[in-house]
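Hi everyone, thanks for coming. Let me put the structure up, and then we'll talk about pockets and the sheet.

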Amino acid sequence: MATLLQANADQWPDHAKRCDDPASLAAILMPHFNLVVWTCPDRPAVPDADMLGEIDDIERTVAANRAAPALVEALDAAGYPAEMIGALARDIAAHAARLADLVDRDNVATRLEIVETDACKKFHADYVSLRLILTYAGPGTQWLDQGDAARLHDGAAIETLCVRAIPTGDVALFKGRKWARDAPIIHRSPPIADTGQRRLVLVIDPAPNAPMP
């Protein structure tokens with residue numbers, strides 16, 4: 001079976017970087033990096049797996065410099081416990097501001113999804129410029145280094161590859177095909193169907209710079 005490595009393992013390819021402070025996420029702007037992972041020391045409380053089964057997904061485009069109020073409203077409407085909403089909204093808003101600053105955008109598209117299927121279990125590259133992914137609960141996003149991504153493209157079985165995983169709670173910036181056409185980061189949602197697990201995943205993408213209401 002495939003070897004599974006956590007993102008904080010010693011074996012790191014030269015196209016990926018891990019860092020211990022959010023300012024270092026700016027390394028993603030360097031042309032030779034297509035993945036940067038911030039080992040975030042703190043994360044807000046989130047619902048457990050059972051409670052996630054009763055909560056709705058959220059999809060909202062927000063102005064990055066004033067995202068928190070809109071996120072509070074969205075979290076409340078989706079059924080999140082009142083005692084968790086404030087801290088979670090502030091955390092998402094902070095990540096939204098970081099991504100917006102890196103790509104010089106006023107607005108970002110945020111998605112907070114409960115994942116309990118294998119809908120994205122195939123390794124792929126996203127058709128985006130830059131994407132922030134943070135798994136708040138459940139197993140983290142899996143990815144391949146460029147060598148294994150090339151072997152997969154050439155027909156190698158996944159079981160022969162070294163599948164790496166972003167630890168739960170860490171913030172990852174992924175370059176997609178719009179930015180790194182020839183070398184986007186190849187990743188997937190970890191297969192969890194029929195395991196009883198649920199993932200809570202935050203995805204933030206740049207949005208067009210247009211006035212927000």
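**Pockets and sheet**

Let's start with the second largest pocket: 19 residues line it, and Ala149, Ala150, His153, Pro184 and Ile186 lie nearest its centre. A pocket here is an open set of points on a 1 Å grid over the protein atoms alone, where a 1.4 Å probe fits, with protein on both sides within 12 Å along at least five of seven lines; lining residues have an atom within 4 Å of a point. Before I go on, this is a predicted model, where local features need pLDDT of at least 70, side-chain atom pairs count only at pLDDT 80 or more, and totals for chains, interfaces and linings use all residues. Residues are numbered from 1 along each chain as its sequence is written, and side-chain values use heavy atoms, with hydrogens and water left out.

Which helix gives the most to this lining? That's helix 4, residues 146-153, with 5 residues; helices (H or I, at least four residues) and strands (E, at least two) are DSSP runs numbered from the N terminus.

Now the largest pocket: its 20 lining residues include Arg111, Glu113, Cys120, Ser189 and Arg199, which lie nearest its centre. Strand 5 gives the most to that lining, 4 residues.

Strand 6 and strand 9 pair in the antiparallel sense over 5 bridges, and Leu132 has Leu173 in strand 9 as its bridge partner.

Definitions and conventions
Two strands pair if DSSP finds at least two bridges between them.
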